[in-house]
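Reader: Hi, I'm new to this one. Could you walk me through it?

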Amino acid sequence: QVQLVESGGGLVQAGGSLRLSCAASARTFTLYAAAWFRQAPGKEREFVAAIRSSGGTTYYADSVKGRFTISRDNAKNTVPLQMNSLKPEDTAVYYCAAGPLFSTTDTEYVYWGQGTQVTVSS
C-alpha cells in the first residue's frame, strides 16, 4: 500500500502563495496518476488538479486554472502543488490522492493522504 502525507498548509493572506507537497512511502507512487482535491467546511470534496504518472499531462479545475501548478518530483517521491494568487475561496483541507487512472473523480483514486489545512484570509 502507498502511504501519502500532505504538508505545507498554513495561513496566508489573499494574493499570497503556498506550496503543498504530497510525499509517498513507496517508489511505486511514480507509476500512478496523482491528484489534489480539497474540501471546505460544509462543502463536498472537489477536484483541484491531476497529473499523469509520466508527469507529461496535467489538468486543472476551472477555479484554479492559471493560479495553481501540479508537478512531480520523482527524486523526492513527491507531488507538489504550487498555489499562487490565493483567494479566500481556496480555504479548505487539501488532500493528495493516487491511483491507476488519470481522473478528476475522487472515487477513481485508491490512495489518500490525511489532508493539510489551507486558510486564506481576506
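Predicted model: local features only at pLDDT ≥ 70, side-chain atom pairs only at ≥ 80, totals over all residues.

Reader: OK, what is the phi of N77 like?

Author: N77 has a positive phi, about 60 degrees, although N77 is not a glycine.

Reader: And is N77 buried or exposed?

Author: N77 is buried, because its relative accessible area is 8% and buried means under 20%.

Reader: Got it. Where is S85, then?

Author: S85 sits in the loop between strand 8 and strand 9 (92-99). S85 has a positive phi as well, about 50 degrees, and is not a glycine.

Reader: How accessible is S85?

Author: S85 has a relative accessibility of 42%, so it counts as partly exposed.

Reader: Switching topic: how many aromatic pairs are there?

Author: The count comes to five aromatic pairs. In one of them, the ring centres of F37 and F47 are 5.7 Å apart and the planes are at 75 degrees, so this pair is edge-to-face.

Reader: Why does 75 degrees make it edge-to-face?

Author: Because planes over 60 degrees apart count as edge-to-face, and the planes of F37 and F47 are at 75 degrees.

Reader: Where do those two sit in the chain?

Author: F37 is in strand 4 (residues 33-39) and F47 is in strand 5 (residues 46-51), 10 residues apart, so to speak of the pair is to speak of a link between distant parts of the chain. Both F37 and F47 are buried.

Reader: And how do F37 and W112 pair up?

Author: That aromatic pair is tilted, with 5.2 Å from centre to centre and 45 degrees between the planes. This pair also links distant parts of the chain: F37 in strand 4 and W112 in strand 10 (residues 111-112) are 75 residues apart.

Reader: Are F37 and W112 buried or partly exposed?

Author: F37 counts as buried, at 1% relative accessibility. W112 is partly exposed, with a relative accessible area of 23%.

Reader: Which residues make up the cluster?

Author: Ring pairs link F37, F47, Y59, Y109 and W112 into a cluster.

Reader: What about R72?

Author: The charged end of R72 sits over the ring of F29, and the distance to the ring centre is 5.1 Å.

Conventions: Residues numbered from 1 in each chain as written. Heavy atoms only, no water. Buried < 20%, exposed > 50% of the residue type's maximum accessible area, 1.4 Å probe, protein only. Helix = DSSP H or I, 4+ residues; strand = E, 2+ residues; numbered from the N terminus. Phe/Tyr/Trp six-rings, centres within 6.5 Å; stacked < 30°, edge-to-face > 60°. Lys NZ or Arg CZ within 6 Å of the ring centre and 35° of its normal.
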